[in-house]
Amino acid sequence: SDLKMRNALEKLKLLGKMPNEDLDNDSQDILDLSNKYRKLLMQIEEPISIETGYALLSFLPSKRFYGLEFEILSKIETIELNNEEQMNSYENLINSCPNEEIRDNLIVGYENWKEDC
């Protein structure tokens, strides 16, 4: 399944960064594309690694794309944080998030997680 996941990441890389949705003008092609992204994201097993997290961030649209930005957010939130080093890596990861709304959500989730620790 490691291979399946690597294949899914490779296919996502070929698709590249998600476009922003345009609800008034998006064609069936764009809807098909969003389904391709969704199916591939479902093949990414959780918890994910920091490396996979960086890969997923690179696919984020600048605004939104049919809720897929929140699927990426929920994958990122499965990264295991068991020590200081992992926490620092995670902070760097979320600070590098190119999508403002998703970055804000990740920061809030992380702050809440730290309070519960």
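Reply: Let's begin with Glu85, which is exposed, its relative accessible area being 61%. (Exposed means over 50% relative accessible area, buried means under 20%, and partly exposed is in between, using a 1.4 Å probe and protein chains only.) Before we go on, keep in mind that this is a predicted model, where local features need pLDDT of at least 70 and side-chain atom pairs count only at pLDDT 80 or more, while totals for chains, interfaces and linings use all residues. Residues are numbered from 1 along each chain as its sequence is written, and side-chain values use heavy atoms, with hydrogens and water left out.

Glu85 belongs to helix α5.

Now for the neighbours of α5. The axes are lines fitted to C-alpha atoms, for helices over the stretch in contact, and the angles run from 0 to 180 degrees between N-to-C directions.

Take α6 as a partner. Helix α5 covers residues 84-95 and helix α6 covers residues 100-116; they pack at about 155°, with 9 Å between their axes. That is why α5 counts as roughly antiparallel to α6. (Angles over 145 degrees are roughly antiparallel, under 35 roughly parallel, 65 to 115 roughly perpendicular, and the rest oblique.) On the α5 side, the contact is made by Met87, Tyr90, Glu91, Ile94 and Asn95, and α6 brings Arg103, Leu106, Ile107, Tyr110, Trp113 and Lys114. (Contact means heavy atoms within 4.5 Å.)

With α3, the angle tells another story. The axes of α3 and α5 cross at roughly 5° and come within 10 Å, so these two helices are roughly parallel to each other. Ile50, Gly53, Tyr54 and Leu57 of α3 meet Ser89, Tyr90, Asn92 and Leu93 of α5.

Let's stay with α3, since it is mostly covered: six of its eight residues are buried. Those buried residues are Ile50, Thr52, Gly53, Ala55, Leu56 and Leu57. What covers them includes α1, α2, α4 and α5.

Leu57 is buried, at a relative accessible area of 3%. Setting aside neighbours within four places in sequence, Leu57 is in contact with Ile76, Leu93, Ser96, Cys97 and Pro98. Ser96 is 39 residues along the chain from Leu57, yet their C-alpha atoms are separated by 8.3 Å. As for Cys97, it is buried as well, with a relative accessible area of 1%. Then there's Thr52, which counts as buried at 7% relative accessibility. Leaving out neighbours within four places in sequence, Thr52 is in contact with Met5, Leu9 and Ile44.

α2 spans residues 28-42, and its 15 residues reach 21 Å from first C-alpha to last, close to the 21 Å expected at 1.5 Å a residue. (The expected span is 1.5 Å times one less than the number of residues.) Ser34, Tyr37, Leu40 and Leu41 are the buried residues of α2. They fall within an arc of 130° seen down the axis, so they line one face of the helix; the arc is that of the directions from the helix axis to the C-beta atoms. On the other side of α2, Gln28, Asp29, Lys36, Lys39 and Met42 are exposed. The cover over the buried residues of α2 includes α1 (2-15), α3 (50-57) and α4 (68-76).

From α4, look at Lys75. Lys75 is buried, with a relative accessible area of 9%. Apart from neighbours within four places in sequence, its contacts are Leu41, Met42, Ile44, Glu46, Ile48 and Leu56. You'll find Pro47 in the loop between α2 and α3.

Conventions: Helices (H or I, at least four residues) and strands (E, at least two) are DSSP runs, numbered from the N terminus.
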